[in-house]
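Take a look at it first, and then we'll walk through a few spots together.

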Protein chains: 2
Amino acid sequence: MSLKKFSFNVIDKDKYSRTGLIETHRGDIQTPAFMPVGTQGTVKAVFIDDIIKTGSEIILSNTYHLMLRPGVDRIIQVGGLHQFMNCKLPILTDSGGFQIMSLAKLNKIDREKGAIFKSHVDGKEFILSPEESIRIQKGLNSDIVMVMDECPKKNNDKKLIKESMELSIYWAERSKNSFGNNPHKGLFGIVQGGLFKDLRKESIKKLIEIEFDGYALGGLAVGETQNEMFEVLDDIKKYLPENKPRYLMGVGTPSDILGAVKRGIDMFDCVLPTRSGRTGLAFTWEGRINIKNSKYQKDNLPLDKNCTNFNLKNYSKNYLNHLFNTNEILASMILTLHNINFYQELMKSIRSNIKKGTFNKFHDHYINKLWYFLNIDYFLKNTIRTIVGPLAQLLEQFPFNIVYTLNI
Amino acid sequence: MSLKKFSFNVIDKDKYSRTGLIETHRGDIQTPAFMPVGTQGTVKAVFIDDIIKTGSEIILSNTYHLMLRPGVDRIIQVGGLHQFMNCKLPILTDSGGFQIMSLAKLNKIDREKGAIFKSHVDGKEFILSPEESIRIQKGLNSDIVMVMDECPKKNNDKKLIKESMELSIYWAERSKNSFGNNPHKGLFGIVQGGLFKDLRKESIKKLIEIEFDGYALGGLAVGETQNEMFEVLDDIKKYLPENKPRYLMGVGTPSDILGAVKRGIDMFDCVLPTRSGRTGLAFTWEGRINIKNSKYQKDNLPLDKNCTNFNLKNYSKNYLNHLFNTNEILASMILTLHNINFYQELMKSIRSNIKKGTFNKFHDHYINKLWYFLNIDYFLKNTIRTIVGPLAQLLEQFPFNIVYTLNI
């Protein structure tokens, strides 16, 4: 059987925004695309069959989490992650770099050996090299493989960010060599360089020399403001190859996505719709809803009266409020499904507006509507930063918690 | 619109076993029937639409839990529990009696006022009288309403059990008066009397005089052995009216159900399939499986390779073991669905075997197969009882926990 080759084509353009099609032998992916996150071989609290019904065409999973539990050997023995988790969709796996920095207890970064770290689960020591990351991702049989990178937190020390970026380039080269030649899969490079435009530009240039099937932007959504992130995107959009997919890693809120699509991004992943679903936060076209708020005890309307999927409009806010207040699993199930469904509705609308040439109008209408409900968090964080620096530093480490706790 | 009246007819008989049909204006219920338990207005970890697809034709919900949270008023304002939880199936609600004894901090039983107790959620004091229980169940708009009873734990003190039974008869009478005349709903009386045959007989006689639409057996599955329970059923089966449904409350394991159907029981409810599903215990035709056992790490077969519902056979034991070991919500979702699906397959097989006149053969084949895996628990409990009486007393109070922890 001859497998379909991995490919990408831009279809429509509306200024910098574009729609496209990634083809893989497991299915096509319309871009701009949002990838639900299936950290440990499951998108938390959702059946994989329902993920497909939301219109998701690809999911993301995590090398770091899967190498710890269940271990790649248990996945290899059944033929890969698709078989293991019963997933018919293409899967993109990250390389482990980001989680090693954010979750594990990092012992040392060794240029040659890789990242030496202790598992956040049981403290066991692991070494992850670019080669080992690619070996694991091959074992998982991922359709899109990410190079191993070093992903520093937001930092103003240019020397440090430059060194980190250069290490990532070296590892990207080793990742590419280890990946070899496989036309049925995609290997993506990861652009680093923090908020420094010249470093970002240099990173892109070197990655293009190595040559990848797609280019991801790493080291964003790590504590900077939305404006800072957009400034980076504005600046580098002209350097990224036109004919390759562009993936903004770990982003983001609906407004982040709108703004990034405007700046030419094709792919996104984020835990926000799933994690928020488990903590009572629902995304809607009218803004966000904290379903635990007591005002919903008397609200017998659904989250979205126009939603026709999964009978979701048969569940009232009153009922969902009760389910959350009694810690029922069904609460997480319904809200997670609702949120992923909303994100895919958003992506569908984004694509159709680009096609019609009306994306900028759509962007301007919703960037404020969908932006507002998270802008307040950035506003408060910035205010706090000015007043109490150290506390802000602490807050920076937990960007999502802020989203949950400041329910205005 | 003229609503269909509540009715029951026996259809097939195979010795004492029988199939029948309960008709309600919300749908028919084939008996013997198993009712999944939806304690707080949700069958835990399952979408209500999926409950229907398992073949469940009625669910049970709890007056006690719903009166505490969300409170009956929030349910009344939307027209009842069906609307509140988006349930198209008929609903049976218990009266609250059992939970007051088992969960709440009971302060006092007052013959006239009712049960005075403190909520297990926040310690708030409540009084539940027979009239209040019926008022709440009317507010919930239950299709089958249970009388309020006093449900003592297993006890050898005959005087105490007799007094309790007589109080339950007095409350049953008051429940009936309060229920009034409603041909579209069923009101069930509850037989008490512990393990004392003459008290059970007296309880039945008095309930028949009051006249109910169905007769439930309470005060079983409260710490006695399966044999003790079967002896009670053997003895009282001749006294129960032929033309009314018979409901064995809170029962049970697959083998409990087989043995009870053999003795003429029509209806069952139990948290076992759902609660076990959340703790890693799967019911299958080959016996029970503790999916957390490390031997399943290499078992790439599904729980039941013949199961065609919900794509359940696409999930391997290897994968389910991983999901449980990483505390993934999907683990509870899949196993709960599997278990309810198994229970409904069991009920379907029971009904078809009664119809064909082969129930006894079916019973004898499976009572050992399905019995064995729980018999060991009773065996161990009885052994422990002989050796360390006080510890056994303690164990008696947590019959389900024993099931989980002794995974042989």
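A disulfide is a pair of cysteine sulfur atoms within 2.5 Å. In Cys151(B), the sulfur sits 14 Å from the closest cysteine sulfur, that of Cys270(B), which is too far for a bond. Over all chains, the structure holds 0 disulfides. Cys87(B) is in none either, and its nearest cysteine sulfur, again in Cys270(B), is 19 Å away.

A word on the ground rules: this is a predicted model, where local features need pLDDT of at least 70, side-chain atom pairs count only at pLDDT 80 or more, and totals for chains, interfaces and linings use all residues. Residues are numbered from 1 along each chain as its sequence is written, chains are lettered from A and ligands numbered from 1 in the order in which they are written, and side-chain values use heavy atoms, leaving out hydrogens and water.

Now for some tucked-away residues. Buried means under 20% relative accessible area, exposed over 50%, and partly exposed in between (1.4 Å probe, protein chains only).

| Residue | Relative accessible area |
|---|---|
| Cys87(B) | 5% |
| Cys151(B) | 7% |
| Ser142(A) | 1% |

Where does Ser142(A) sit? You'll find Ser142(A) in the loop between α6 (130-140) and β10 (144-146) of chain A; helices (H or I, at least four residues) and strands (E, at least two) are DSSP runs, numbered from the N terminus. Leaving aside residues up to four places away in sequence, Ser142(A) touches Ile91(A), Thr93(A), Gln137(A) and Lys185(A), where contact means heavy atoms within 4.5 Å. The side chains of Ser142(A) and Thr93(A) are joined by a polar contact of 2.6 Å. A polar contact is a pair of N or O atoms within 3.5 Å; within protein, one must be able to donate a hydrogen and the other to accept it, and residues adjacent in sequence count only if both atoms are side-chain atoms.

On to where the chains meet. Chain B and chain A each put 40 residues into the contact. Together they bury about 3500 Å², 52% of it on carbon and sulfur atoms; buried area is the accessible area (1.4 Å probe) that two parts lose on being put together, summed over both. Phe47(B), Arg74(B) and His322(B) supply 18% of what chain B buries against chain A, more than any other three residues.

The interface also has 2 salt bridges, each a side-chain nitrogen of Lys or Arg within 4 Å of a carboxyl oxygen of Asp or Glu. One pairs the side chains of Lys44(A) and Glu328(B), at 2.6 Å from N to O.
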